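User: I would like to learn how to read features from a model. Please take me through one.

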Amino acid sequence: PPRSTLFPYTTLFRSIRINITKHLYKSRFKEMFLSRKGLPKRKWADVLTIYNGRDYKKNVFNETEGFPVYGSGGFMYVYADRFICEGTLIIIGRKGTIDRPILVKGKIWNIDTAFGIKTDSKVLNPVFFYYRSKFYDYKDMNKQTTKPSLTKSDLLKLDIELPSMNEQRTFVDFVEQADKLKFNFFIPSPNGNYSKIPFVFL
């Protein structure tokens, strides 16, 4: 059959597989760490850095190329001439979508509705932290009655379990071995070209 005919089914099966693997990862994380007692804990302030986002439209906006711009809902299909943070990062919404952390790799510009978070890699693996970040009740920290919002100071006060780096690496290895779906996201630019976005879907 033509590829156009198969595409809806391929997309559906891929979506189902993604949901299954995401549930598998979260269940394994909970089993390995959240169900255990006696793990040492640290404050976020001790093990990571939170980068405030800034408006991109005034000085750094680029329609066709540059560093991808992220908001609380993810990639915004626009670019910036400069970046705010780089590395393996977790994006958490400051306003709007506050309860859906995103894992990205590369150099990015995060706007003022999103925090960019970089872990201290000596004590906290970023992929481990990404999965731990999915279990926090961010809505319980919401400061607004209309549009959900978080504050940097509240996030930095949160506790996080801190198993050894070997244990964190064991979980990350499990994720990498189980993840058979390798995605390369190519986002069309206004000039007709395609730009690869440094996005990790786990």
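**Reading helix α3 and its surroundings**

Analyst: Start where α3 starts: a side-chain oxygen of Asn125 comes within 2.9 Å of the backbone nitrogen of Val127. A polar contact is a pair of N or O atoms within 3.5 Å; within protein, one must be able to donate a hydrogen and the other to accept it, and residues adjacent in sequence count only if both atoms are side-chain atoms. Helices (H or I, at least four residues) and strands (E, at least two) are DSSP runs, numbered from the N terminus. This is a predicted model: local features need pLDDT of at least 70, side-chain atom pairs count only at pLDDT 80 or more, and totals for chains, interfaces and linings use all residues. Residues are numbered from 1 along each chain as its sequence is written, and side-chain values use heavy atoms, with hydrogens and water left out.

User: How many residues of α3 are buried?

Analyst: Buried means under 20% relative accessible area, exposed over 50%, partly exposed in between (1.4 Å probe, protein chains only). In α3, eight of its eight residues are buried. Among them are Pro126, Phe128 and Arg132.

User: What does Ser133 touch?

Analyst: Contact means heavy atoms within 4.5 Å. Not counting residues up to four places away in sequence, Ser133 touches Ile90, Pro101 and Tyr138. Ser133 belongs to helix α3 and counts as buried, at 0% relative accessibility. A polar atom of its side chain lies 2.5 Å from the backbone oxygen of Tyr130.

User: Which strands does α3 touch?

Analyst: Two strands pair if DSSP finds at least two bridges between them. Here seven strands form an open sheet with mixed pairing, in the order β2-β8-β6-β7-β4-β5-β3. The edges are β2 (48–51) and β3 (61–62); each has a single partner strand, so one side of each has no neighbour in the sheet. Strands β6 (residues 85–93) and β8 (residues 114–119) run antiparallel, joined by four bridges. Within β8, Gly116 stands opposite Ile91. Helix α3 packs on this sheet and touches β2, β6, β7 (102–110) and β8. Its direction makes about 5 degrees with that of β6. Axes are lines fitted to C-alpha atoms, for helices over the stretch in contact, and angles run from 0 to 180 degrees between N-to-C directions.

User: Which charged residue sits over Phe135?

Analyst: A charge sits over a ring if NZ of Lys or CZ of Arg is within 6 Å of the ring centre and within 35 degrees of the ring normal. The charged end of Lys26 sits over Phe135, 5.2 Å from the ring centre. Arg28 lies over the face of Phe174, at 4.4 Å.
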